[in-house]
Amino acid sequence: MKIGILTFHSQLNYGGVLQCWALKKALEDMGHEVVVIDRWIDPKNASLNGPLGRFSAKTWFGIIVKSLFGCGQWRQVLRHWRTRRFVRNLGLTAYHFYDWKDAPQDLGVDLVVVGSDQVWHGGNWAYPTPDPYLLNGTGGRIPRAIAYAASFGMKALSTDGDFVAGFRNFEAISVREKEGVDLVRQTGYKGEVVHVVDPTLLLEPESWMKLVPAKRASGKRVLTCYFLSQDLNRAIPALESWAKRTGWYVNVLCDSFVRPFPRSVRQLIERMVDILKGLKPSRVRISSGYGPREFVQAFAEAEATITDSFHAVMFSAIYKCHCRFLKPTLESRKAMFARIDEFSQKTIDGPFLVEDLRGALDSISQGDACQYDGKVIEVDRRFSREWLRRAIGAESLSK
């Protein structure tokens, strides 16, 4: 069967891109031909391309000048380039579109699988409406559809999408959080709704090892940190002090670490001093230019991790890192915490949840271990793969 995946693939978000790769690989392992439907999440695909999508002498001149003064723009360009290269190798359809009215009438697939990621989120600039992923307005283009591990990322349905009409487009629905099951049922959906694992856990660890082998240098202890909502200007000094005291090496992954252009002679001198200091060997490395493959590599090399990201937890589990998760303080992050709490209570034994960065560092220094229950993960993986297999084959999901 030829299957088309519809998800958030065309963006910089590491988890969004990697869960798409994992779902495609899992479907291919089942013997299907799989493509990724190249639906852009903004009209010009700027989320993925950034400055690479257009040539502007003024823009590129600004990037080069600011980069020379240590503002960090070049790392962002590098991240766009690496991510775009990874996405283009996902197996995209020959066509692309933003609005469903511009999509070809024949998508060239027998089945559309929507998800994973927060495709049914809504209500802010990043998730303007879930309707394209509810398949509303597709104009009869979809032959059959199921949802795999789709996520809301909210405790209530967004008012920005027509969920009642949208769910009627699906033969079968699976979601990434248990609370998502209740949200689907609230709409009166008559089919069975199940809770499944994120696509990154659909694959055996060996599959990830083939993509990025684990490489932990003997005698070199590495802590990987991936922050979505932490203040790096406060975190970096704490990490530097901790690394110097403990002898660990720290790799700090972040979505952006851009500093303002110096506006005075004093600021210029301070920035030049920072650049010169950066040339010296350091136990703390800031990495904002990573692509998806480099992101996975950071967990493959790590003994321990600190994060506030769901997918960082998934890769910590895959590579068996001792993970510490920073409890969310922002309201937007709290609404997304359910899937972390569910996973940790079911599969992790140890001091996984911590209040702040200092608590996480102290716990790692003390040697507190976080163990993953591989048997539970394997049971959930098998259930999810079997559900997906039967949903694709339109077999009775009650068997």
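Trainee: Which residues make the nonpolar surface patch of about 270 Å²?
Mentor: Val265, Ile269 and Val273 make that patch, where patches take residues with over 30% relative accessible area and no salt bridge, and join nonpolar side chains (Val, Leu, Ile, Met, Phe, Trp, Tyr) within 5 Å and like charges within 9 Å. Accessible areas come from the Shrake-Rupley method with a 1.4 Å probe, and for residues only the protein chains shown count as cover, while a salt bridge is a side-chain nitrogen of Lys or Arg within 4 Å of a carboxyl oxygen of Asp or Glu.
Mentor: Keep in mind that this is a predicted model, in which local features need pLDDT of at least 70 and side-chain atom pairs pLDDT 80 or more, whereas totals for chains, interfaces and linings use all residues. Residues are numbered from 1 along each chain as its sequence is written, and side-chain values use heavy atoms, without hydrogens and water.

Trainee: And where is valine 265 found?
Mentor: Valine 265 is in helix α11, residues 265–278, helices being DSSP runs of H or I with at least four residues and strands runs of E with at least two, numbered from the N terminus.

Trainee: New topic: is leucine 135 buried or exposed?
Mentor: Leucine 135 is buried at 3% relative accessible area (buried is under 20%, exposed over 50%, partly exposed in between, with a 1.4 Å probe and protein chains only), and this non-glycine residue has a positive phi of about 65°.

Trainee: What about lysine 320, buried or exposed?
Mentor: Lysine 320 is exposed at 59%, and its phi is also positive, near 55°.
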